[in-house]
2 protein chains.
Amino acid sequence: MQSQMGHTMETVIFMSYKFAGDKSYLTKVDLRVLMEKRVPRFSEKQEDPLAVDKITKDQDQSRDGKVDSQSFFLQIAGLTIACNDYFVVYMKQKGKK
Amino acid sequence: MQSQMGHTMETVIFMSYKFAGDKSYLTKVDLRVLMEKRVPRFSEKQEDPLAVDKITKDQDQSRDGKVDSQSFFLQIAGLTIACNDYFVVYMKQKGKK
């Protein structure tokens, strides 16, 4: 049986392939569609309509409009860190550790 | 309904809390138990018994024996990158793109 963490990593890997299609990278459009479909709350809560563009720019080190899988996985880690920070603040406000 | 990516990020966040216990960080022992329980194949396939120690050392920037959640999430991204690299080689050997 696959471990929970194995399944988690596999989910992110296959998601990058699904939205990249035959390419070995994600474009800004691919990333926007992925964020809207798979992380809808991130897009909904965004006051800044350019949030996805900024994320893409951060991840597009070579400035060629292409985000490779490595950058994408690090981006998901960045989103996870942001969610965790939000979660910590939320729990403190509720008076929980 | 929670998105697939939301569930994936939540899984990693709650896993770090589960293995950190009341602490806000993971120790080397916590990390070893987590890897053995949640990423068993990683530990099984390891020729290098010090693999987890090396990963912990990498993530323990301040050298205080503590791995905070941010470092842990980046470590999972690192493992995902390694799994993806392994997957790409495996698929090429099988003659698939």
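The contact between the two chains takes 33 residues from chain B and 33 residues from chain A, where contact means heavy atoms within 4.5 Å. This is a predicted model, in which local features need pLDDT of at least 70, side-chain atom pairs count only at pLDDT 80 or more, and totals for chains, interfaces and linings use all residues. Residues are numbered from 1 along each chain as its sequence is written, chains are lettered from A in the order in which they are written, and side-chain values use heavy atoms, with hydrogens and water left out.

About 3,000 Å² is buried between chain B and chain A, and carbon and sulfur atoms give 73% of this area. Buried area is the accessible area (1.4 Å probe) that two parts lose on being put together, summed over both. In chain B, the residues that lose the most area to chain A are M5(B), M9(B) and I81(B), together 21% of what that side buries.

A salt bridge is a side-chain nitrogen of Lys or Arg within 4 Å of a carboxyl oxygen of Asp or Glu. Polar contacts are present, with 6 residue pairs counted between the chains, both residues at pLDDT 80 or more. A polar contact is a pair of N or O atoms within 3.5 Å; within protein, one must be able to donate a hydrogen and the other to accept it, and residues adjacent in sequence count only if both atoms are side-chain atoms.

On the side of chain B that touches chain A, helix 1 (4-20), helix 2 (28-38) and helix 5 (69-93) of chain B each supply at least two residues. Helices (H or I, at least four residues) and strands (E, at least two) are DSSP runs, numbered from the N terminus. Helix 5 of chain B gives the largest share of that side, 14 residues.

Chain A has 5 helices and 2 strands, in the order α-β-α-α-α-β-α along the sequence. Of its 97 residues, 40% count as buried, meaning under 20% relative accessible area (1.4 Å probe, protein chains only).

One residue of chain A to look at is R38(A), in helix 2 (residues 28-38). R38(A) is buried yet has no salt bridge, and the nearest side chain of opposite charge, E36(A), is 11 Å away. Here Lys and Arg count as positive and Asp and Glu as negative; His and the chain ends are not counted. The side chain of R38(A) does make a polar contact with the side chain of Q4(B), at 2.7 Å. Leaving aside residues up to four places away in sequence, R38(A) touches M15(A), K18(A) and F19(A), as well as S3(B), Q4(B), M5(B) and G6(B).

Terms used:
Buried < 20%, exposed > 50% of the residue type's maximum accessible area, 1.4 Å probe, protein only.
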